[in-house]
Amino acid sequence: MSSTTFSAAVPNRPRTLVVGSALATSGVLVFFGGLFALYFSRRADAMAWGMEWFPEGAIRLPPGGMNMATMALSAITMMWAVYSVINSDRIHSYLAMAITAVMGVAMLNQTVFYFNDIALPIDHSEATTFLFVIVGAHMAMVLVGVFWLGLLLLRALGGQDTSRNRDLVSAAALYWYAAVAVYMVIWLGIYIAK
Amino acid sequence: MTETTADTIRTGDVVPTALEAAVTTTDHLRIGRAWLASGVLLLVVSLVAGLMVSAERMDLTGMAVFGDVDSLFRFWSAYRVGFVLLAVVPVFVGLATAVVPLQVGASSIVFPRAAALGFWVWVLGAVFTVAGFAIDGGLGTPGAVSRTDAVALTLLGLLMVIGGICCATVCILTTIVAGRTAGMDLSRVPLFTWSVLVAGSIWLVTLPVLAANAVLIYVDLTGRSAIAFGVEDTIWGQLSWAFSHPQVYAFALPLVGIAGDIVPVAARRRHGNHQALLVLTALIGVLSFGAYAQAAFDIGTPVREQAVFVVEAFLIVPLALLVLVGLVDVLRRGVGSRRTRMPAPLYLSVLSVFLLLDGMVLGALRAVAPLDLLERSTTGAQFTFTIGAALLAAIAGTLWWGDLIVGRVAPQGFGLASALAVAVGIVLVAVPDTISGFMGLADFTGGDRGGAGNPEAGVDVLNTVALVGSAHLLVGALGWLVTGVLRLRGARSLADPWGAHTLEWSTSSVKVTSESPLLDAAVEVGA
């Protein structure tokens, strides 16, 4: 009599890395949410009293706009990376992740250059303290994302980021999209609304 | 055929030293024990600060203990921060790290290395925080006489403490959300797991806001000259929302789950309506969100006089009352059928819910504007009731699940005596503070006689009672510490000492030995 052996059923669990990343990212978003809430309430208070918030001409739109464009494009390349990994397209995975990381570095570089350029002291006013804290915290967030992408690239080169093992890429993508979303609020709230 | 070489086997047989094992462990039981031990030790430190503050209140004009108002304020704020973030919350995190994975049938915590990282970041942060307070730092003083670098160290420590707790919370929540065994949907999870899920979610959406406050203060303080957030006499005002109503309820919330798990097993009766308790716990969690109730958002009407704050304060009371009624109902149905004595954790856990309810009633009274209790010592009384209740439940939890976490038996009578000392201490501190608050005693009695209310009316006598209460709290905490030490020397425990037949007593832990830290794919059963 012939017999057939079946392997044990794999429990159908949600993807732990994605869930964990979503929870951690939500904590980071709440951190920025707290900063933005304080920023906008203090700004509204200052405006209500007719006080100057940022010094005239200190915040210029072009650098912020360039950074926003860079981050928006990096969101697209991140989607490209996830799509490529799902389809086991290794070459495009390398390309997409590398371009996303380079865009992150470019954004950091532009921000550092801009802050050196405007030369606003951190203790000029409450507004400049907020500016340094919010933008600095976002730079730290992007830096973590760039390191994460570097790790993913190394794993991809080792053949570990495949369609069957894509959770780390999805988790990184979730984090990166959050970084782009945070920058969008910075762009709207600080660079445009000033 | 694949052969296993001798080398491969030998690497697994290397026995690490105790230090190596402690530092490198990914065993959720070990990590849980580390949280518990550190939390209890730092509880003792916090309560010593509390006792000294109570002693100083005996004669505020003399300043016999601290010598000046600023040192008194430093210890006063250290007591509140330490009691919550260095003691009660870490003990809950430790219990959850050890018990929750087993309750949901996950065998181990998800991301064990991140869970260990969370603990070590918290420990380092706790050391920085305590050191910062000890070297004339802290979280600001009324006289602005602290050392700037020491204040910065305290803030850095606070940030690391928050980071560690959040990291550990993410691991626990991921275990609950994504690591449950097949067939266990969220409506079936044990109440402790559910309360940790709710409380952890609230921690994750409030503690980062506290971190945002702390970062702003830190940057302003260490900039060239502090202009707004880092100005020393304003620092505590920016952070104090985390240590008063309604945020304190979020820190105490796991006590509902501890009581909810202990009572039915001890009384040998099921909950009348498990789903209703889940909903009540979730509602209490939602109402305990307190990140909005900070002075920074006082534009026009102060937040604490706005409708949302007042409604929240009143709405939470009947919810806690319903939880208590549900537990008492289970007890009532179970009393007649049980032939043996009820275990100590049962009494303690029900008492903790009762004390939490007291804290919530006091919170509601504080929201009544004509009573003018917001800045009075009722704030401290509410803190003591709520966080004290959490402490009592934590003791009950360690007495209940300690056999599982340590594998050895503790002297339950000694543990019960310690917990009763804590309970008496809570009442002796909180009740006089409540009465003193109605008599006009300020929350922080900064050395001026006016702030101390009306001494002739009996506030001094009440302060004496509160001092006795603080001593009781400290003795109880020391007793809890000794109970833990005695447990380490105790006999080996039974597999299911309470006859609970619940999942945590029948699931084995597994040791994660993966070489891929972020994936933790391979596991080795046993150890």
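This is a predicted model: local features need pLDDT of at least 70, side-chain atom pairs count only at pLDDT 80 or more; totals for chains, interfaces and linings use all residues.
The contact between the two chains draws 28 residues from chain A and 31 residues from chain B. On the chain B side, two helices that each contribute at least two residues are α6 (148–178) and α7 (191–222). The largest share of that side belongs to α7(B), which provides 10 residues. Sorted by class, the side of chain B that touches chain A holds 25 nonpolar residues, 4 polar residues and 2 charged residues.

Helix α7 of chain B also contains B:Y218. This tyrosine has 22 C-beta neighbours inside 10 Å, and because the threshold for burial is 20 or more, B:Y218 counts as buried. When its neighbours within four places in sequence are set aside, B:Y218 is in contact with B:A152, B:L155 and B:L156. The pair B:Y218 and B:L156 is separated by 62 residues in sequence, yet the C-alpha to C-alpha distance is 7.7 Å.

In chain A, helix α1 covers residues 16–48, a run of 33 residues. From its first C-alpha to its last, α1(A) reaches 47 Å, close to the 48 Å expected at 1.5 Å a residue. Just after α1(A) comes A:G50, with a positive phi of about 70 degrees. In chain B, helix α5 covers residues 112–134 and has 23 residues. Its reach from first to last C-alpha is 33 Å, close to the expected 33 Å. After α5(B) comes B:D136, whose phi is also positive, near 65 degrees.

Helix α10 of chain B (residues 254–267) can be followed through its packing against two other helices of chain B, α13 and α14. With α13 (residues 344–366), the axes come within 9 Å and cross at roughly 140 degrees. Angles over 145 degrees would count as roughly antiparallel; α10(B) and α13(B) are therefore oblique to each other. The crossing of α10(B) past α13(B) is left-handed. On the α10(B) side, the residues that meet α13(B) are B:L255, B:V256, B:I258, B:A259, B:I262, B:V263 and B:A266. Their counterparts in α13(B) are B:P345, B:L346, B:S349, B:V350, B:S352, B:V353 and B:L356. By class, this contact comprises 12 nonpolar residues and 2 polar residues, with no charged residues.

Against α14 of chain B (residues 378–406), α10(B) packs at an angle of about 40 degrees, with the axes 9 Å apart. Since angles under 35 degrees count as roughly parallel, this value makes α10(B) oblique to α14(B). Here too α10(B) passes its partner, α14(B), in a left-handed crossing. From α10(B), B:L255, B:I258, B:A259 and B:I262 take part, meeting B:A389, B:A390, B:A393, B:A396, B:G397 and B:W400 in α14(B). The class count for this contact is 9 nonpolar, 1 polar and no charged residues.

Most residues other than glycine have a negative phi, and most peptide bonds are trans. B:F111, in the loop between α4 (69–103) and α5 of chain B, has a positive phi near 55 degrees. With 28 other C-beta atoms within 10 Å, B:F111 is buried. B:D372, which lies in the loop between α13 and α14 of chain B, likewise has a positive phi, near 55 degrees. The peptide bond from B:H245 to B:P246 is cis, with omega near 0 degrees. B:P246 belongs to the loop between α8 (235–239) and α9 (247–252) of chain B.

B:T464 has 14 other C-beta atoms within 10 Å and is partly exposed. B:T464 and B:L43 are 421 residues apart in sequence, and their C-alpha atoms are 22 Å apart in space.

Notes
Residues are numbered from 1 along each chain as its sequence is written. Chains are lettered from A and ligands numbered from 1 in the order in which they are written. Two residues are in contact if their C-beta atoms, placed from the backbone, lie within 7 Å. Helices (H or I, at least four residues) and strands (E, at least two) are DSSP runs, numbered from the N terminus. Ala, Val, Leu, Ile, Met, Phe, Trp, Tyr, Cys and Pro count as nonpolar, Asp, Glu, Lys and Arg as charged, and the others, Gly among them, as polar. The expected span of a helix is 1.5 Å times one less than its number of residues. A residue is buried if 20 or more other C-beta atoms lie within 10 Å of its own, exposed if 12 or fewer, and partly exposed in between; C-beta atoms are placed from the backbone. Axes are lines fitted to C-alpha atoms, for helices over the stretch in contact, and angles run from 0 to 180 degrees between N-to-C directions. Angles under 35 degrees count as roughly parallel, over 145 as roughly antiparallel, 65 to 115 as roughly perpendicular and the rest as oblique. A crossing is left-handed if the near helix is turned anticlockwise from the far one by less than a right angle, and right-handed if clockwise.
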